[in-house]
Amino acid sequence: MVEKFAEKHHLSHLTLIAFKNVTTVYKADCFNRPVILKIHKKSLNYYREITSLCLLREKNVRVPALLYCEMMEEDNEETGYLIEEFLQGNQLSEDFWKYTEREKERVLYQTGEMMGMLNFSVPQKDIPDCSLWRYAYEGITDFSSYNWMQIYLGSIQEWIDTVKKSKLLTAGLKQKIEFQGNLLKDRLYSFSENGTVGFVHRDYGFRNILVDHEKVEGIIDFEHAVLGDVTFDLSKIIFNDIDFERDKRLRNAFFEGWTGYTGYKIDWERLWLYLAIQGLGAIQWVENQRDYLIRIKNRSYMEKGIRILDKASRNI
């Protein structure tokens, strides 16, 4: 099917650059122009991506232009194909550790500004008319039935169930994590009423930020984007890519870029809630790896999740 699609749209020199359970990404040439071919096995991811790219390009945010998209029948299931512009630049994950401390701070300030631009790309008055909310989770019929909390509540319960089956954790630690996970669900309910709802990337990290000569050139990968509490995005990058407790200068450079662009202050209690969710997600991610050796290799990532979940639970 990929070969037929590529031939139909004059794509050549396909090179696999990323493969996940439900997403495959190729770099290709189209009439001597580099492009990205992305294949989504999950329809919600496909619709989130194409909706986000169209929305953000209208707002002059530096994201790839959507060149073509099509939903096709494949193996009795719908599969989304899209061709998008190839943005120049390296992933920040490749270049960041080459920078001086001053350069790191400068780039992180820019990533904070860019995230603020993403988060508030949809004015509050236009949120009900923005179609992105339709693809947050299954079963949404209209905006009045949309509740961004459901995105996290369902995941938290799945993650708790995964942890309960763990073969790496002690019975006492599993019980403790289950208690902390249930606490997160309770706190989400209390935090939902006064959260600032906006565009949330949900995977805003170094691997999805493109840079060239210490300048942020673009943001990629929007298959998880939703309308929700914008504070969530602040937690993702500082959990995965910055040692936010030790490297306070780097953390603060990112925060200053975001607050400078948005005019909003950091809600630390809310931020700790989402850091706790990141921690629980890290624990279950390691547990979900089928290969035992991969789980052992990523044990330190699990331990980081346990540590942050424990600390965050005492700050919310």
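**Note on charge pairs and surface patches**

1. Arg249 is exposed, at a relative accessible area of 60%, in what should be read throughout as a predicted model. This residue forms a salt bridge with Glu105, and the closest N and O atoms of the pair are 2.8 Å apart. The two partners are 144 residues apart and link distant parts of the chain, with Glu105 in helix α4 (residues 101-119) and Arg249 in helix α8 (residues 248-262). Glu105, for its part, is buried, because its relative accessible area of 18% is under 20%.

2. A salt bridge also joins Lys311 and Glu245, whose closest N and O atoms are 2.7 Å apart. Here Lys311 belongs to helix α11 (residues 299-313), while Glu245 sits in the loop between α7 (231-240) and α8, 66 residues apart. Lys311 is partly exposed at 30% relative accessibility, and Glu245 is partly exposed at 26%. Elsewhere, salt bridges with shared partners connect Lys20, Lys38, Glu49, Asp221 and Glu223 in one network.

3. The count of salt bridges comes to 20. One of the pairs is Glu70 with Lys8, where the closest N and O atoms are 3.9 Å apart; Glu70 lies in strand β4 (residues 66-74) and Lys8 in helix α1 (residues 2-8), 62 residues apart. Lys8 is exposed, with 52% relative accessibility.

4. On the surface, Glu73, Asp75, Glu77 and Glu78 gather in a patch of negative charge, and Glu77 is placed in strand β5 (residues 77-85). A nonpolar surface patch is formed by Tyr292, Leu293 and Ile296, which together have about 320 Å² of accessible area; Leu293, in helix α10 (residues 292-297), is exposed at 64%.

How values were computed
Residues are numbered from 1 along each chain as its sequence is written. This is a predicted model: local features need pLDDT of at least 70, side-chain atom pairs count only at pLDDT 80 or more; totals for chains, interfaces and linings use all residues. Side-chain values use heavy atoms; hydrogens and water are left out. Patches are made of residues with over 30% relative accessible area and no salt bridge: like charges are joined within 9 Å, nonpolar side chains (Val, Leu, Ile, Met, Phe, Trp, Tyr) within 5 Å. Accessible areas come from the Shrake-Rupley method with a 1.4 Å probe; for residues, only the protein chains shown count as cover. A salt bridge is a side-chain nitrogen of Lys or Arg within 4 Å of a carboxyl oxygen of Asp or Glu. Helices (H or I, at least four residues) and strands (E, at least two) are DSSP runs, numbered from the N terminus. Buried means under 20% relative accessible area, exposed over 50%, partly exposed in between (1.4 Å probe, protein chains only). Lys and Arg count as positive and Asp and Glu as negative; His and the chain ends are not counted. The place of a charge is taken as NZ of Lys, CZ of Arg, CG of Asp or CD of Glu.
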